[in-house]
Amino acid sequence: MAAWNDVIYSAPEFAAMVQTLFDAHRNKLLATLRKDGSPRISAVEVDFVGGDLWLGMMFGSRKAHDLQRDPRFALHSASTTPDDDDPSKWPGDAKLSGLAVEITDSSQAKRLAPSPSGQSHLFRADIHEVVLTKIGDSADHLVIELWRENRGLRRFKRH
């Protein structure tokens, strides 16, 4: 799996656009797997720090327990609706998936994600893939950019 820095190094303009979309809103959507294998969607805050993507959660939260049991996750940026008058102004949306690695060293967790209560869960994202979807220049198609470790960046058009 890859760190966020790997995405930046491999495709800097793409990484900058994706990070801008994730940073545009405080809450993102996190998909995890429940104990029975069914999906769970939760709000989560993330930060890009030190070349990594970090997911912070309240201590004892269901999403944290999901990730402790099964580290697979998907993350989606907050998304706005394209403007009907000028859909080309829609900034797009971003999503990524991978494995969440819990940081159990409390001093590192407090330094990276201080919690008012003193307790929280902190996970570093090992990234499998990153996707950016936006409207094409002529507004008659979508442009989908897909980054995967060891494959780099690919671009698709959907009409």
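Strand β6 is mostly covered, since 13 of its 16 residues are buried, where buried means under 20% relative accessible area, exposed means over 50% and partly exposed lies in between (1.4 Å probe, protein chains only). Helices (H or I, at least four residues) and strands (E, at least two) are DSSP runs, numbered from the N terminus. The model is predicted, so that local features need pLDDT of at least 70 and side-chain atom pairs count only at pLDDT 80 or more, while totals for chains, interfaces and linings use all residues. Residues are numbered from 1 along each chain as its sequence is written, and side-chain values use heavy atoms, with hydrogens and water left out.

**Exercise 1. Determine which strands pair with β6, and in which sense.**

Step 1. Two strands pair if DSSP finds at least two bridges between them. Strand β3 (residues 52-58) meets this with five bridges to β6, in the antiparallel sense, and within this part of the structure Met 58 stands opposite Ser 120 of β6.

Step 2. Strand β5 (residues 93-102) also pairs with β6 in the antiparallel sense, here over 10 bridges; Leu 96 has Val 130 in β6 as its bridge partner.

Step 3. The pairing of β6 with β7 is antiparallel over seven bridges, and Thr 133 has Ile 144 in β7 as its bridge partner. In the hairpin of these two strands, which has six residues between them, Ala 139 takes a positive phi near 60 degrees.

**Exercise 2. Decide whether His 121 is buried or exposed, and find which polar contacts its side chain makes.**

Step 1. His 121 is found in strand β6 (residues 120-135), and because its relative accessible area is 5%, His 121 is buried.

Step 2. A polar contact is a pair of N or O atoms within 3.5 Å, where within protein one must be able to donate a hydrogen and the other to accept it, and residues adjacent in sequence count only if both atoms are side-chain atoms. The side chain of His 121 makes such a contact with the side chain of Glu 102, at 2.9 Å, and a polar atom of the His 121 side chain lies 2.9 Å from the backbone nitrogen of Gly 60.

Step 3. With contact taken as heavy atoms within 4.5 Å, and leaving aside neighbours within four places in sequence, the residues in contact with His 121 include Leu 55, Met 57, Phe 59, Ala 64 and Gln 68.

**Exercise 3. Examine the salt bridges and state how exposed the partners of selected pairs are.**

Step 1. A salt bridge is a side-chain nitrogen of Lys or Arg within 4 Å of a carboxyl oxygen of Asp or Glu, and a search of the whole structure finds eight salt bridges.

Step 2. Glu 45 and Arg 26 meet through their side chains at 3.0 Å, N to O. This pair links distant parts of the chain, with Glu 45 in strand β2 (residues 39-49) and Arg 26 in the loop between α2 (12-23) and β1 (28-33), 19 residues apart. Glu 45 is partly exposed at 37%, whereas Arg 26 is exposed at 61%.

Step 3. Arg 124 forms a salt bridge with Asp 126, the closest N and O atoms being 3.7 Å apart; Arg 124 is partly exposed at 23%, and Asp 126 is buried at 18%.

Step 4. Arg 155 and Glu 145 form a salt bridge between their side chains at 3.0 Å, N to O. Arg 155 lies in strand β8 (residues 152-158) and Glu 145 in strand β7 (residues 142-148), so the pair ties together parts that are 10 residues apart in sequence. Arg 155 is exposed at 52%, while Glu 145 is buried at 6%.
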